[in-house]
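Open the model in your viewer and keep the selection panel at hand. Each stop below names what to pick and what is there.

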Number of protein chains: 2
Amino acid sequence: MSNLKHKLLDEVKDDLRDIETALQENLGPHIDVVRQVASHILFSGGKRLRPLLLVLSSRICGYGDDYVKTFSIVFEYLHAATLLHDDLIDSATLRRGKPVAHSVWGNSIAVLVGDFLLARSLSIGTETGYLKIIKIIADVTENMSQGEIQQLMRKGNPDLSEAEYMEIIQRKTAMLIQGTCRVGAVMADASPEEEEALSTYGLNLGIAFQIADDLLDYTADTKSLGKELGADLREGKLTLPVICSMKAAAPEHRISMENIIKNENFSVQDFETLVEMLKKYGGLVYAEQVAAKHIENAKQALSVFGDSKTKDILLHIADYALNRKE
Amino acid sequence: MSNLKHKLLDEVKDDLRDIETALQENLGPHIDVVRQVASHILFSGGKRLRPLLLVLSSRICGYGDDYVKTFSIVFEYLHAATLLHDDLIDSATLRRGKPVAHSVWGNSIAVLVGDFLLARSLSIGTETGYLKIIKIIADVTENMSQGEIQQLMRKGNPDLSEAEYMEIIQRKTAMLIQGTCRVGAVMADASPEEEEALSTYGLNLGIAFQIADDLLDYTADTKSLGKELGADLREGKLTLPVICSMKAAAPEHRISMENIIKNENFSVQDFETLVEMLKKYGGLVYAEQVAAKHIENAKQALSVFGDSKTKDILLHIADYALNRKE
């Protein structure tokens with residue numbers, strides 16, 4: 001574990017403990033299998049980034065009620081719901097080192113428990129009584145499904161542009177993180193400037209987070225990744241390092257990259273060849289730079305807030321998103 | 001087409017026309033495939049029962065704004081979302097005589113467009129600005145997914161009790177119809193008595209509607225049904241006629257019924273044998289009686305309203321639910 005991660009976890013350990021409790025308690029007395037499947041996806045080492053960001057966003061705007069911790073789990077449920085459906089759609093086998101839910105309980109249960117978690121997060125959302133918050137949740141949910149559809153339709157297409165990639169990751173990942181930060185501000189009755197600042201922070205953090213996640217597929221080792229190396233490629237997902245390198249590559253190299261991309265059953269050697277190309281044509285470095293730029297934007301957005309311990313933590317989270325190795 | 005249906009359609013033709021327009025317009029400028037899949041499920045001869053009930057419920061409480069027609073489609077989108085996921089879960093092949101969406105576009109798209117329609121209905125729901133309405137939508141959505149999960153978990157189990165069956169159909173079908181009627185009342189700022197009356201009407205209508213639908217699986221001919229005869233049984237869904245007859249059957253007949261139920265590949269002759277048993281042991285008649293009792297409750301609930309054309313239509317819809325042949 002890196003020093004940064006260690007320090008960060010220490011700073012938020014009380015919040016994380018309360019979030020864990022709320023996640024458990026709000027599953028409610030439901031049908032056994034719902035509890036099992038929801039627990040499988042919810043309690044398998046998730047980072048709780050989304051609820052944590054909501055709590056911190058609320059706190060930086062001066063809100064100190066514990067209720068925010070209970071409510072924050074809405075965004076973890078929403079996240080878990082999309083993971084259940086996405087793993088199914090991607091035919092993934094492992095998540096965080098564990099077999100995916102649909103391989104344990106079957107596709108139907110994965111679809112339905114995903115639907116349930118979506119509905120549950122909506123129900124908890126309505127309990128706040130804030131119409132604005134519900135609108136944010138609805139908007140995020142709509143965008144997430146559209147982002148996933150866009151991604152699916154462009155699957156395996158070597159012509160995916162950087163602009164399309166950015167649109168997809170904004171919708172499927174960044175808007176949820178933006179939403180959780182914004183909702184934190186709304187719950188604190190923050191000023192429009194503060195709400196806007198946290199919204200900008202969340203969006204940029206989310207973009208950087210997804211780019212860094214996509215990078216790990218080419219740079220991490222399988223064990224720390226908790227899923228197959230090259231899984232994105234196998235699923236036909238073209239990410240920024242590939243898109244950038246394909247554009248820069250000499251024609252003959254572009255053709256050999258295309259052949260690897262289009263071959264669902266590429267070999268370990270094919271994969272290594274591709275990673276060489278990503279290095280040669282600067283795709284890995286470029287993706288890191290784009291992520292770093294967004295982290296810079298995220299941190300910059302927080303300048304409307306005075307110095308505080310909470311602000312430091314939000315800055316640390318931004319640094320962590322960029323440097324994480326797992 | 002029966003006289004009742006013909007008369008009913010004539011009474012509501014203007015409302016249905018406006019609902020069709022709103023269904024089209026609210027799909028919005030989305031990704032092509034979303035529009036295609038959503039249109040496939042939405043514009044394939046659905047009865048528009050749910051939006052129509054909302055409009056009529058609102059009108060009987062004195063609300064005359066055209067906005068209610070625009071808004072009413074929330075419940076059709078919600079319904080379509082569950083159909084997309086349910087057809088996938090049931091491995092259905094036909095709906096309303098057309099190939100199901102997942103067989104045309106694949107499972108992933110069916111899951112994601114279902115998610116999108118769910119999110120879209122939530123978004124439109126928030127536009128009303130009524131927190132109470134959003135709570136109803138959230139509650140209905142949560143119950144629907146739980147009802148489907150319950151049904152799935154009890155699939156093929158010959159010990160399913162009548163009480164469990166009733167709980168499942170309330171959750172998966174009746175609460176949506178109850179919700180649409182209640183929301184109509186809420187939009188009209190109806191009195192608590194009126195809201196309660198329409199809620200009771202909707203719940204009972206929904207229960208009867210599902211029982212009648214389940215009955216058709218044993219009594220209709222394939223052509224008018226628009227799906228395979230015996231589809232419920234093939235999917236392992238035990239419905240009221242079967243549950244009742246199994247309970248009443250002599251031990252040897254119960255065993256032969258169980259064998260047919262447990263055999264996913266039952267023959268036409270097996271199916272005919274089962275229908276004979278349903279007749280012999282009164283399951284078909286009993287299910288009709290239970291449906292009729294709920295229709296009676298539904299109609300009775302409307303007694304708080306004075307006579308009006310709208311009330312007549314709501315009463316006709318109740319009669320139609322009981323007597324429909326397709």
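Start with charge pairs across this predicted model: a search of the whole structure finds 34 salt bridges over all chains. A salt bridge here is a side-chain nitrogen of Lys or Arg within 4 Å of a carboxyl oxygen of Asp or Glu.

Select Arg120(A) and Glu142(B). Their side chains meet in a salt bridge, 3.3 Å from N to O. Arg120(A) lies in helix α8 of chain A and Glu142(B) in helix α9 (residues 131–153) of chain B, so the pair joins two chains. Helices are DSSP runs of H or I with at least four residues, and strands are runs of E with at least two, numbered from the N terminus.

A word on conventions: residues are numbered from 1 along each chain as its sequence is written, and chains are lettered from A and ligands numbered from 1 in the order in which they are written. Local features need pLDDT of at least 70, side-chain atom pairs count only at pLDDT 80 or more, totals for chains, interfaces and linings use all residues, and side-chain values use heavy atoms, with hydrogens and water left out.

Next, show the whole interface. The contact (heavy atoms within 4.5 Å) takes 36 residues from chain A and 36 residues from chain B. Which three residues supply 18% of the area that chain A buries against chain B? Select Leu112(A), Glu142(A) and Ile149(A): they supply more than any other three residues. Buried area is the accessible area (1.4 Å probe) that two parts lose on being put together, summed over both. For chain A and chain B, that is about 3,300 Å², with 78% of it on carbon and sulfur atoms.

How many salt bridges link chain A and chain B? The count is 2.
Now colour α3 (32–42), α6 (74–89), α8 (107–127) and α9 (131–153) of chain A. These elements each give two or more residues to the side that touches chain B. The largest share, 14 residues, comes from α9(A).

Look at both chains together. A rotation of 180° with 0.0 Å of shift along its axis superposes chain A on chain B, with an RMSD of 0.0 Å. Select Leu131(A): its C-alpha is the one in chain A nearest the axis, 3.3 Å from it.

Last, colour by pLDDT, the predictor's confidence in each residue, from 0 to 100. Chain A averages 89. Helix α12 (residues 222–225) of chain A has the lowest mean among its elements, 56. Where pLDDT is low, the predicted coordinates should not be read in detail.

Terms used. Least-squares fit on C-alpha atoms with pLDDT ≥ 70 in both.
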